Amino acid sequence: MNVQIDHNLEEIRRFRPSPEFAAGAIAKPDLYTDAAADRVGFWGEQARDLLHWHTPFTKTLDWSNPPFATWFEDGELNVAYNCLDRHVLAGNGERIAIHWEGEPGDSRDITYAQLTAEVKKAANLLTSLGVSAGDRVAIYLPMIPEAVVSMLAVARIGAIHSVVFGGFSPDSLHSRIVDAEAKLVITSDGGYRKGRPFPLKETVDAALEKSETTVEHVLVVKRTGEDVAWTEGRDLWWDDEIALVDADHEAKAFPAEQPLFILYTSGTTGKPKGILHTSGGYLTQTAFTHRNVFDLHPETDVYWCTADVGWITGHSYVVYGPLTNGATQVLYEGTPDTPIPGRWWQIIEKYRVSILYTAPTAIRSFMKMGRQIPQQFDLRSLRLLGSVGEPINPEAWIWYRHVIGGGSIPVVDTWWQTETGAIMISALPGITDLKPGSAQVAIPGVSIDILSDDGEPVTGTDGGLLVVTEPWPSMLRGIWGDPERFTETYWEKFGDKYFAGDGARRDTDGDIWLLGRVDDVMNVSGHRLSTAEIESSLVAHDLTAEAAVVGAADETTGQAVVAFVILKERQQGVMTNEEASELLRTHVSKQIGAIARPRQVFIVPELPKTRSGKIMRRLLRDLAEGREIGDTTTLAETSVMTSIMEQVR
């Protein structure tokens, strides 16, 4: 497996933390020395310091049966109690937990006491509907407070949530409900996006009509006031039902390895993988990284992670990490440019946001619009910026620091995955000399290496495959219902080392630079999409005989979906290539979701294949990215690329 390296990635610029920032920073250098001296003991100390344990653990890690690990397994805790009740009991009930901002401009400030009360009632509601520990609840909501309340209520009663991003189609939602065997779905009539309501209940109805499911009830939050279809006995209004339940609820302790959530992510086979995370280890590492990477001072900071709760970043750094640490944060429903291009900067000014965590795609979009937009707003409250979802190019890093951060505040670029649960590689802002474009160093207590294809450590600055060499607390515990796939996908290549599917290299300082995916998974705006899943969608359309999908470099989204399609003979000439292309783009958007809509669909006469019939996607990627076509000697028909190029032009 070749990992291509662009040696121009390396920047000579370094940005040292200011003496003032370093002096007040939460993270101190002894974190690294303590973790290096006793890695497992280090995590045990973090778990005791950061969390409340109903029953303290005596065993930190069991790695006797790799790749299946347990952390703190004889300890007991309640995740929601750690996020809520203990802050109220400590006298911080009046601290704002969430500044919520709706896209149309409606807003709510919710204190820790109020959020705790809402979650207690929601927990009683779930129990009244027959949900108990271990049951699965699907959550399909916009970025409204009820999304956070629902997740915490599910966690409070020891059930397992499966949050599905509100942009996914009925097919995608259906497959996740079926795989998790969900008992309940929580949704809303709709949400607001780009200035208008979009339906959600309608998508749930369509998903549940596809086949018999285990769903007994659909709880519906009123958000937009749009009319919705109603199935008597199954569908229930959230507000009506929550008014009927008791306000008091005691948080029961559950084992540290109690499953907390399933989150589906794209796999190379096209079938989404249900990534399973448990409670104690996950909460320890999310709290530790949130506190130290973002230098959180909960008494004074206002934190904003712009991710949707439908993705892992929203789980770890909107819900569980910030609330465990008692942070005050912003939750925003809509898009960055509605109703004005500077909406995000308007929100930062309004709430005096001090920590902003967002994706390179968003930063590059703002760069395109121009610095004159953020310069209309007072952003002086910001003191730390973070980046997540994909490698950030040095140009965007510099722009982010100078235009948004005023030229002097730290930017931390973080690498991690749905599977890792929490940040694995990042600078610590009061300690590390920052380097634009590099994720830099492993978090204290996390062990990272770069290996060649045959498992040998890569020396020097050559590229290789990124692996995690030791178990970490927030690691996935498996793929829901498929332990064999878990082992094959992540551990088969290197045995007891976790293979992340990403390429990486070290520079001459030893800092880590991510080089993107090395498998057939694309990273579009920080969201992982499977080429196989999109190809399956294209081939399912009556127009398509065969399809190949590649991820092509895109200056805004990092990667974009580009498809090459052969039409069925009987469909050729029925419509123009442009019409067929647009029809297929819309089809993918409906089947999978708008995030998967191809940037381009090229109608071609044939696809480049080896003699064994394997599609040479490397050549199609060259074409999609406007490069000179690479070696074609292994093609069964070397003239194929010429005819494809003519069609593309």
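Where is Trp415 found? In this predicted model, Trp415 sits in the loop between strand 20 (411-413) and strand 21 (448-451).

**Annotated binding site**

An unreviewed UniProt entry carries the annotation "binding site" for Gly389, Glu390, Pro391, Asp413, Thr414, Trp415, Trp416, Gln417, Thr418, Asp502, Arg517 and Arg528.

Leaving aside residues up to four places away in sequence, Trp415 touches Thr420, Ile423, Met424, Ile425, Ala439, Ile448, Leu466, Ala500, Asp502 and Leu514.

Asp502 belongs to strand 24, which covers residues 498-506. Asp502 is buried because its relative accessible area is 8%, against a limit of under 20%. With residues up to four places away in sequence again left out, the contacts of Asp502 are Trp415, Gln417, Gly464, Leu465, Leu466, Leu514, Gly516, Arg517 and Val518.

| Residue | Location | Relative accessible area |
|---|---|---|
| Asp502 | strand 24 (residues 498-506) | 8% |

**N-terminal feature**

The unreviewed UniProt entry also places the feature "domain: Acetyl-coenzyme A synthetase N-terminal" at residues 30-83. Residues 30-83 are 46% helix and 20% strand, and the end C-alpha atoms of the span are 27 Å apart.

**Domains and their interface**

The chain is divided into domain 1 (19-504) and domain 2 (525-648). Taken over C-alpha atoms, the centres of domain 1 and domain 2 are separated by 33 Å. Domain 1 puts 23 residues into the contact, and domain 2 puts in 17 residues.

The size of an interface is often given as the accessible area lost when the parts come together. Between domain 1 and domain 2, the buried area is about 1,600 Å², with carbon and sulfur atoms giving 44% of it.

How many salt bridges are counted between domain 1 and domain 2? The count is one salt bridge. Lys368 forms a salt bridge with Glu555, and the closest N and O atoms of this pair are 3.8 Å apart. Nine residue pairs, both residues at pLDDT 80 or more, are in polar contact across the interface of domain 1 and domain 2. On the side of domain 1 that touches domain 2, helix 8 (170-180) and helix 14 (360-369) each supply at least two residues. Helix 14 gives the most to that side, with four residues.

How values were computed
Residues are numbered from 1 along each chain as its sequence is written. This is a predicted model: local features need pLDDT of at least 70, side-chain atom pairs count only at pLDDT 80 or more; totals for chains, interfaces and linings use all residues. Side-chain values use heavy atoms; hydrogens and water are left out. UniProt positions are given in the numbering used here, feature names are shortened, and annotations may be inferred rather than shown by experiment. Contact means heavy atoms within 4.5 Å. Buried means under 20% relative accessible area, exposed over 50%, partly exposed in between (1.4 Å probe, protein chains only). Domain bounds come from an automatic or database domain assignment. Buried area is the accessible area (1.4 Å probe) that two parts lose on being put together, summed over both. A salt bridge is a side-chain nitrogen of Lys or Arg within 4 Å of a carboxyl oxygen of Asp or Glu. A polar contact is a pair of N or O atoms within 3.5 Å; within protein, one must be able to donate a hydrogen and the other to accept it, and residues adjacent in sequence count only if both atoms are side-chain atoms.
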